[in-house]
Amino acid sequence: MRLVLLGPPGSGKGTQATRLKTELSVPHISTGDMLRAAVAAGTPTGLKAKAVMDAGKLVSDDILLAMLEERLSQDDVKNGFILDGYPRNLAQADAMDHLLAKIGQPLDAVVKLEVPNEAIIARCEIRFAAEHRKDDDPVVVRDRLKVYAEQTAPVADFFARRGKLQVVDGVGELDEVTARVKRALAAESAAANG
Ligand code: AMP
């Protein structure tokens, strides 16, 4: 299963990916986690990315594509992956398309978790208090939501136009949201198998 999870910051992509990866036996690839690891390790990529991430803006497409290409060349993605946090703009969606075609691993499904902005803001406040991520500061969260609306929302339309988008209500108990995602994946695979 090659799955992309879309949705605004704090919509639960990471939480749901963590739950689904065991059931689907595929790795969870979070570009945000990869970048945070690069920042923590002080790599050249991390040094470039830190200020951009703290401000809630997007790190450059070149850095992200190189990271993704490297990650998708590893052995553990042979049976698929759950991609969380990429693509975040149309240029990335296009680059991913080319990369997946090149490596012969087309996407099976794209699921968007829908959560209203007020709920996002409340969730990020809780995460800010627990984890102290600079980009969960309420002021930065508003900027991230703006970046999402302007740059990432069109990515959902990009997949919808190809009939590849499943939209799932991301509000509710974790188990319920997981069940909705699984139903969406089953619907997608039924549609793919005619
Ligand atoms: P996340 O954990 O997915 O919310 O990502 C945290 C931050 O990492 C984002 O606010 C961006 O600054 C950066 N980031 C993660 N993924 C991408 C991406 N695909 N393109 C650009 N920046 C990204």
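**The ligand and its pocket**

The ligand sits in the largest pocket, where sitting in a pocket requires that more than half of the molecule's atoms lie within 2 Å of the pocket's grid points. What we are looking at is a predicted model, in which local features need pLDDT of at least 70 and side-chain atom pairs count only at pLDDT 80 or more, while totals for chains, interfaces and linings use all residues. Residues are numbered from 1 along each chain as its sequence is written, and side-chain values use heavy atoms, with hydrogens and water left out.

Let me begin with the pocket itself. A pocket here is an open set of points on a 1 Å grid over the protein atoms alone, with protein on both sides within 12 Å along at least five of seven lines, and its lining residues have an atom within 4 Å of a point. The largest pocket has a volume of about 950 Å³, a volume being the space filled by probe spheres set on the points. Of the 46 residues that line the largest pocket, G10, K13, R127, R133 and R144 are the closest to its centre. By class, that lining comprises 17 nonpolar, 17 polar and 12 charged residues, with Gly counted as polar and Asp, Glu, Lys and Arg as charged.

Turning to the ligand, there are 16 residues around it, of which T31, R36, K57, G85 and Q92 come nearest; a residue is counted as near if one of its heavy atoms lies within 4 Å. Helix α2, residues 31–41, gives the most to this shell, with four residues, helices being DSSP runs (H or I) of at least four residues. The shell has six nonpolar, four polar and six charged residues.

Which contacts are polar, meaning pairs of N or O atoms within 3.5 Å? A polar side-chain atom of R36 lies 2.9 Å from an oxygen atom of the ligand, and a side-chain N or O atom of R144 is 3.0 Å from a ligand oxygen, whereas G85 places a backbone N or O atom 2.8 Å from a ligand nitrogen. Taken alone the ligand exposes 480 Å², and the protein buries 96% of that, with areas from the Shrake-Rupley method and a 1.4 Å probe.

Finally, two points of backbone geometry. Most residues other than glycine have a negative phi, and most peptide bonds are trans. Y86 and P87 are joined by a cis peptide bond, with omega about 0°, and P87 has its place in the loop between β3 (81–84) and α5 (90–102). S25, which is not a glycine, has a positive phi of about 55°, and S25 is found in the loop between α1 and β2.

How values were computed: A polar contact is a pair of N or O atoms within 3.5 Å; within protein, one must be able to donate a hydrogen and the other to accept it, and residues adjacent in sequence count only if both atoms are side-chain atoms. On a 1 Å grid over the protein atoms alone, a cavity is a set of points where a 1.4 Å probe fits but cannot get out, and a pocket is an open set with protein on both sides within 12 Å along at least five of seven lines; lining residues have an atom within 4 Å of a point. Helices (H or I, at least four residues) and strands (E, at least two) are DSSP runs, numbered from the N terminus.
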